[in-house]
Structure formats: C-alpha cells, structure tokens
Amino acid sequence: MNDATPAAENAENTDYDALTRDIAEVPAVEVIVTVAVNLMSAAAVKLGLTEEGEAHKDLDEARKLVHALAGLLDASATEISSFHAAPLRDGLKSLQLAFREASFVPDEPGQGPGEKYTGPVYG
C-alpha cells in the first residue's frame, strides 16, 4: 500500500535532469523574449486591457510590471536583435501610453513607469 498522494508521486517521477537539459538548450534570446512577453501580458491584464477589463485592473501592479519590462528591455538591448527588440519596444510604449490614459492623475513626463529607461513617453 502506498500512502503517497498523486501529486507527491508526480513530483517523485519528475525527471529533473531532462528539464535541466531542455532549459539548457533554449537560447538566451528566447528566454529574454519569453519573459518580456509574459511581463507585457501581465501588465495588459493589470491595466484592464483584456475582455474582463476592470475586474483585474490594478494600476499599482501595472506600474511595477511596466517598469520591470522597461528595465529588462534596456538591459538586454545589446543582447537581442532589432528583429526581437523592435516589437517589444512598441509594446512597451503602448503599455506606457495605456498607463498614462488609465491614471486619474497622470505622472509628469519622464516619471511614468519605465520612463527612467525609455525617456518621456508622449501620446
């Protein structure tokens, strides 16, 4: 008789060496772009830009996500090609503009989320 729960059995059966090998095979650019897209998606949800809109809107959380995205893109600018960076920068600017529009009292130019890295964003 086995007292292990199904979740515990799955954890015991997980092949961590295989997972490590899989991650090791992923190029750094792909990891950076994936993280950036996840930050963009989360920020869009927190800005209320999804179908459910206001249900998940949280500008404080959105500010953090947009700022983190801007920092990631700034730090990785020389590591990822323009092919990858250009659409990410466009998405970032769109999120920054959406944040400005959603704010009851918009930040001064250059003080919005991520603008430390991108410079002032104007509509």
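Here are legends for a handful of close-up views of this predicted model.

Residue numbers start from 1 along each chain as its sequence is written, and side-chain values use heavy atoms, with hydrogens and water left out. Local features need a pLDDT of at least 70 and side-chain atom pairs count only at pLDDT 80 or more, while totals for chains, interfaces and linings use all residues.

View 1. Along the sequence the pattern reads α-α-α-α-α-α. Helices (H or I, at least four residues) and strands (E, at least two) are DSSP runs, numbered from the N terminus. Of the 123 residues, 30% count as buried; buried means under 20% relative accessible area, exposed over 50%, and partly exposed in between, using a 1.4 Å probe and protein chains only. Among contacts between residues at least 6 apart in sequence, 57% join residues at least 24 apart, where contact means heavy atoms within 4.5 Å.

**View 2. Helix 3 packs on helix 4.** Residues 28-46 form helix 3 and residues 59-75 form helix 4; their axes sit 8 Å apart, at an angle of about 160 degrees. That makes the pair roughly antiparallel (over 145 degrees; under 35 is roughly parallel, 65 to 115 roughly perpendicular and the rest oblique). Axes here are lines fitted to C-alpha atoms, for helices over the stretch in contact, and angles run from 0 to 180 degrees between N-to-C directions. Helix 3 passes helix 4 in a left-handed crossing, meaning that the near helix is turned anticlockwise from the far one by less than a right angle (clockwise would be right-handed). On the helix 3 side, look for Ile32, Val35, Ala36, Leu39, Met40, Ala42, Ala43 and Lys46; they meet Leu59, Glu61, Ala62, Leu65, Val66, Ala68, Leu69, Leu72 and Leu73 of helix 4. By type, the contact has 15 nonpolar residues, no polar ones and two charged. Nonpolar covers Ala, Val, Leu, Ile, Met, Phe, Trp, Tyr, Cys and Pro, charged covers Asp, Glu, Lys and Arg, and the others, Gly among them, are polar.

**View 3. Ala42 sits in helix 3.** Its relative accessibility is 28%, so Ala42 counts as partly exposed. Glu61 is 19 residues away from Ala42 in sequence and 9.1 Å away in space, C-alpha to C-alpha.

**View 4. Helix 4 also packs against helix 5.** The two axes come within 10 Å and cross at roughly 155 degrees, so helix 4 and helix 5 are roughly antiparallel too. Their crossing is left-handed. Helix 4 brings Leu59, Ala62, Arg63, Val66, Leu69, Ala70 and Leu73 to the contact, and helix 5 brings Leu88, Arg89, Leu92, Leu95, Gln96, Phe99 and Ala102. That works out as 11 nonpolar residues, one polar and two charged.

**View 5. The largest nonpolar core holds 23 residues.** Such a core is a set of buried Ala, Val, Leu, Ile, Met, Phe, Trp, Tyr and Cys residues joined through side-chain atoms within 4.5 Å. Leu47, Leu69, Leu73, Leu88, Leu92 and Leu95 have the most contacts inside it. Helix 3, helix 4 and helix 5 (82-102) are the elements giving two or more residues to this core. Leaving out residues up to four places away in sequence, Leu69 touches Ala36, Leu39, Met40, Leu92 and Leu95.

**View 6. Ile80 lies in the loop between helix 4 and helix 5.** Ile80 counts as buried because its relative accessibility is 7%. Neighbours within four places in sequence aside, Ile80 is in contact with Val29, Ile32, Ala85 and Leu88. Val33 is 47 residues from Ile80 in sequence, yet the two are 8.4 Å apart in space, C-alpha to C-alpha.
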